[in-house]
Amino acid sequence: MAKLKSKTQCLVELKEEDYLMLLENTIKMEALKIAGIEKMAIYKAMEHILQHQHIDLLIKPVSRRYC
């Protein structure tokens with residue numbers, strides 16, 4: 001989960017396992033790009049969805065008592 005510190009300070013806290021998963025997914029995505037996934041229809045559909053904001057990414061504050 002992520003937590004926005006404040007409106008003026010745009011830092012996000014991540015748990016270590018979340019950071020490692022983000023890093024792993026980034027490496028996998030770069031490997032797929034090298035393999036040529038950018039030419040496939042499913043990749044183009046994903047890019048279209050992300051670029052045209054057809055989905056909302058919501059971040060809920062994390063309570064300190066659960067950490």
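Tutor: Helix α1 has 20 residues and reaches 29 Å from its first C-alpha to its last, close to the 28 Å expected at 1.5 Å a residue. That expected span is 1.5 Å times one less than the number of residues in the helix. The helix covers residues 16-35, and Gly36 follows it with a positive phi, near 100 degrees. Helices (H or I, at least four residues) and strands (E, at least two) are DSSP runs, numbered from the N terminus.

This is a predicted model, in which local features need pLDDT of at least 70 and side-chain atom pairs count only at pLDDT 80 or more, while totals for chains, interfaces and linings use all residues. Residues are numbered from 1 along each chain as its sequence is written, and side-chain values use heavy atoms, with hydrogens and water left out.

The pLDDT is the predictor's confidence in each residue, from 0 to 100. In the protein chain, confidence is highest in α1, at a mean of 93, and lowest in strand β1 (residues 3-4), at 56. Where pLDDT is low, the predicted coordinates should not be read in detail. The chain as a whole averages 78, and 64% of its residues score at least 70.

Now the charged side chains of the helix. Side chains of opposite charge can pair when their charged atoms come close. A salt bridge is counted when a side-chain nitrogen of Lys or Arg lies within 4 Å of a carboxyl oxygen of Asp or Glu, and the structure holds 2 of them. In one, Lys28 pairs with Glu24, their closest N and O atoms being 3.0 Å apart. These two residues are separated by about one helical turn because they are 4 residues apart in helix α1. Lys28 is partly exposed at 45% relative accessible area, and Glu24 is partly exposed at 41%; the term lies between buried (under 20%) and exposed (over 50%), with a 1.4 Å probe and protein chains only.

The other salt bridge joins Glu30 to Lys33, with 3.7 Å between the closest N and O atoms. Glu30 and Lys33 are 3 residues apart in α1, so about one helical turn separates them. Glu30 is partly exposed at 40%, as is Lys33 at 29%.

The helix also has a nonpolar side to describe. Val12, Leu14, Tyr19, Leu20, Leu22, Leu23 and Ile27 make a nonpolar surface patch of about 660 Å². Patches are made of residues with over 30% relative accessible area and no salt bridge, where like charges are joined within 9 Å and nonpolar side chains (Val, Leu, Ile, Met, Phe, Trp, Tyr) within 5 Å. Helix α1 gives the most to this patch, with 5 residues.

Note on methods. Areas by Shrake-Rupley, 256 points an atom, 1.4 Å probe, with all protein chains shown as cover.
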